[in-house]
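Work through the exercises below with the sequence and the structure open. Each has a task, followed by a solution in steps.

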Amino acid sequence: MRGELHGRRREREALDRLAQEVRSGSSRALVLRGEAGVGKTVLLDHLAEQAAFGRVLRAAGVELESEIAYSALQQLCAPLMGYLDRLPEPQRAALSTAFGLSAGTPPEPLLVGLAVLSLFAESAAERPLICIVDDVQWLDRMSELILTFVARRLDSESVALVFALRTLGEERPALSGLPELTVEGLPTADALVLLDSVLPGPVDARIRDRIVAETRGNPLALLELPRGLSPTELAFGFGGLSAAPLAGRVEENFQRRIAALPADTRKVLLTAAVEPVGDVPLLWRALELLGVGPDAATPAEAERLIELGHRTQFPHPLVRSAAWRSGKAADLREVHRALAEVTDPATDPDRRAWHRAHAVTGPDEEVADELERSADRARARGGRSAAAAFLERAAELTITPARRATLLIDAAQSHADAGNFTQVPELLAAAEMGTLQPLQRARVERLRAHVAFVLNPGRAAGPPLLAAAHRLLELDPAAARETYLTAIGAAIHTGRFDDPFLREVAHAAAEAPPGTDAAGLLLTGLTSWVLDGYAAAAPTLNSALDAIQSDEDLHLLWLAAPVAHEVFRIDVLNRMSDRAVRVARDTGALSILPTALAVRAGVLHYLGRLDDSAALVDEAEALMRATGSALQASGAVPLAAYRGHDPEATVLIDAMFQEANSRAEGWSLAIAGFCRAALHNGQGDYQAALTAARDAAAYPDLAIYTWTLGELIEAATRTGDHDQAKDARDRLAARTAAAATEWSQGVQALADALTTPAAEAKYREAITHFAGSGLAMQEARAHLLFGEWLRRANRRADARAELRIAHESFTRMGAEAFTDRAARELQATGEAVRKRATAPDQQTLTPQETQIARLAVNGHTNPEIGATLFLSPRTVEWHLRKIFTKLGITSRRELAGTFH
């Protein structure tokens, strides 16, 4: 059935090299791109032959199967399920649920991806594994998402994942960034050899050249388009240069060949094209219902249009497509009806429902019911896109207006849950064409507003959220409160760009019935914060933070974290951020994990654990690469500022300024201003720090305002602008007094020390408060400021004691700019400072190896490290062996002595 390779030296060498690299222990991913018929599948066959030393698994997307969740992934993973018990329990449960092997919580794609990565690694530990996925353009969404995630995280497992994709002029975002090999038409000499092999007789050389040029060397076109044409008919090429796409012309040729077959043979091909699994016994049972006997397949097999062995196979997807498109509407319905009849409703209910949905000619409530049940099953397995497809078709088959609207809204929600936000507006518009009940209309408005906020959290997002909250108020008070909370969060995010709207939302939310759960208390507290001021709101905000105890409340993290900063609750921030990261990792919750990583990284800045913070920033970047998503680099910007890495920090800050201005996001603008002020204070450039802090503190942004006031006070005192420093101190005091935590008391004591001549007692008070709350970064900065004050008071011995503490602390943290500032101050006291160098052995480690080593030192197991860094446990084990070799050690215990 498969063709032979003509030429293709470049492509064969690339694939041979890939196979050898996998054989030697490396992992590789590759995308083959090319038009239909150009020879991608033949090249994949060549790779499979070269990879005979390992296990070769193959799967392919099927156009008719593209709405069945995990269909291609299951096809690929089925031979590996014997390794399932070796996976970490959360991954094992996620994959079992996704494949319908057991019931469980709908798994997140990230966790399923880690499970497949681990499954591949376990198999490859015995024999190298080569996974080949053809016709990616027709993969179901979940299979594409999971397999491209795995491709990005392959490392040292001896696994290859090779995709073949038909070039359709349509981008596939999931594949972006993966290594590619473009497959083009054959060179002229090779194309002529292939053409001569099928020509019916001598043809003028100029005509042969024209045929090659017209087909652009496409092998399938060269083989198929001359078929059935006489030398006379070929005298003018293929009837003149055509503007029609080449794939369409080849498919038309297949359709002509199919049309020449007997009627029953055409029905065999049509049924085989519609049955996507390739199940031969099922095909024969359906054909029997259609009154077609086995002999009917013989003419199609003789024409090499189909192969019926242990599986149904077409020589090329264009043959399947031609067979499918050759069928009349009535014939297609008849075939779908027969396939539905022979499909077991107990073992394969979703395909049966899908066939039934295409067999009916008009509305059918029974089939709609069946599709709705399929949607429920798809959601239970994490297949939200598949659920949306089932619900859309169910909506088409129901005649009940209210039910149709509900199905369309549910389909839109499923698309939103899957991240397919562009699909949502059209479905909601279709739902609104009917008469909606008030609650349905409120759901539509809320979902439309939510999607708008996700896609663009700037000024445009707030008003639709507010309108949706108004409509929900009498219909569903709990949903209304959640929507008001999102609206007020959106307004806070917009900040200075649309200040009046924040008060408008707060006034509206104040009319809503108060809630006693965490979300309700958070809404009440933020409403009071806007309308009544900081002191009045602080008690309710603290109550809201204390109410966040369960994992179900972690979706509030995006607002709860800045609130905890606002009221100086490091205890809540530490507990909540740590819990959020662990839960998000365990469940693979992409809806929480990016925010959790950014929040936790920020907490670790204050705790002085910059290396651990950097590991989380790296994890967020790994998540971005693994999922192909564009996550905000909010964790990276403060980290670079605290570390004093310039010009890296300046580049990141400038980019954040530009993005915040373009999207009208005042909160992000304030973060960028604060980071610039912190960077310049660390460098000792106090005038630049003052300018940045003054601009950032021009608006009382949630959380960031208090951070920035501290930077402003330090910069103003060092530039001699005492009036501005005292004004900022007084603004800060109005908040710290109401908060009354050790953190707030330390912040205020430091601000008082900087603005009061008799400062010594205040410096010591600040240091005590920061030490008591574990805020090592601020404690070290207080020691630095105290030491600088003592030096200016000519108390050099006392100054050296404080400055040594600061210098050692900053050095240990990796806060390079502050380390240098402390060193300069120590030198000014007359003390020589020896720059602490990184241990030579650590310098040999790559950034990823350093991450793995630190996680190992912190007691994490290989599966835990793998889950954190989106690597397979086998890869973690391989890296640890390399780390031990580089460091000249043999155990994790020795590793702990290397990383302090």
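**Exercise 1.** Find the residues in contact with Ala359, leaving aside its neighbours within four places in sequence.

Solution. Step 1: locate Ala359, which lies in helix α16 (residues 349–359); helices are DSSP runs (H or I, at least four residues), numbered from the N terminus. The model is predicted: local features need pLDDT of at least 70, side-chain atom pairs count only at pLDDT 80 or more, and totals for chains, interfaces and linings use all residues. Residues are numbered from 1 along each chain as its sequence is written, and side-chain values use heavy atoms, with hydrogens and water left out.
Step 1: apply the contact rule, heavy atoms within 4.5 Å. With the sequence neighbours set aside, Ala359 touches Arg333, His336 and Arg337.
Step 2: Ala359 has a relative accessible area of 7% and is buried (buried is under 20%, exposed over 50%, partly exposed in between, with a 1.4 Å probe and protein chains only).
Step 3: for a distance, take Ala487, 128 residues from Ala359 along the chain; their C-alpha atoms are 45 Å apart.

**Exercise 2.** Describe how helix α11 (residues 263–274) packs on helix α15 (residues 329–342).

Solution. Step 1: two packed helices are described by the angle between their axes and the distance between the axes. Axes are lines fitted to C-alpha atoms, for helices over the stretch in contact, and angles run from 0 to 180 degrees between N-to-C directions.
Step 1: for α11 and α15 the angle is about 60° and the axes are 10 Å apart. That makes α11 oblique to α15; angles under 35 degrees count as roughly parallel, over 145 as roughly antiparallel, 65 to 115 as roughly perpendicular and the rest as oblique.
Step 2: α11 passes α15 in a right-handed crossing (left-handed if the near helix is turned anticlockwise from the far one by less than a right angle, right-handed if clockwise).
Step 3: Lys267, Leu270, Thr271 and Val274 of α11 meet residues of α15, including Asp331, Leu332 and Leu339. This contact of α11 with α15 holds 5 nonpolar, 2 polar and 3 charged residues (Ala, Val, Leu, Ile, Met, Phe, Trp, Tyr, Cys and Pro count as nonpolar, Asp, Glu, Lys and Arg as charged, and the others, Gly among them, as polar).

**Exercise 3.** How are the rings of Phe568 and Trp743 arranged?

Solution. Step 1: rings of Phe, Tyr and Trp (its six-membered ring) pair if their centres lie within 6.5 Å; planes under 30 degrees apart count as stacked, over 60 as edge-to-face and the rest as tilted. The count by this rule is 12 aromatic pairs.
Step 1: Phe568 and Trp743 have ring centres 5.6 Å apart and planes at 90°, so the pair is edge-to-face.
Step 2: Phe568 and Trp743 are both buried.

**Exercise 4.** How many residues of helix α31 (residues 636–643) are buried?

Solution. In α31, 8 of its 8 residues are buried, among them Tyr642 and Arg643. Just after α31, Gly644 has a positive phi of about 75°.

How values were computed
Helices (H or I, at least four residues) and strands (E, at least two) are DSSP runs, numbered from the N terminus.
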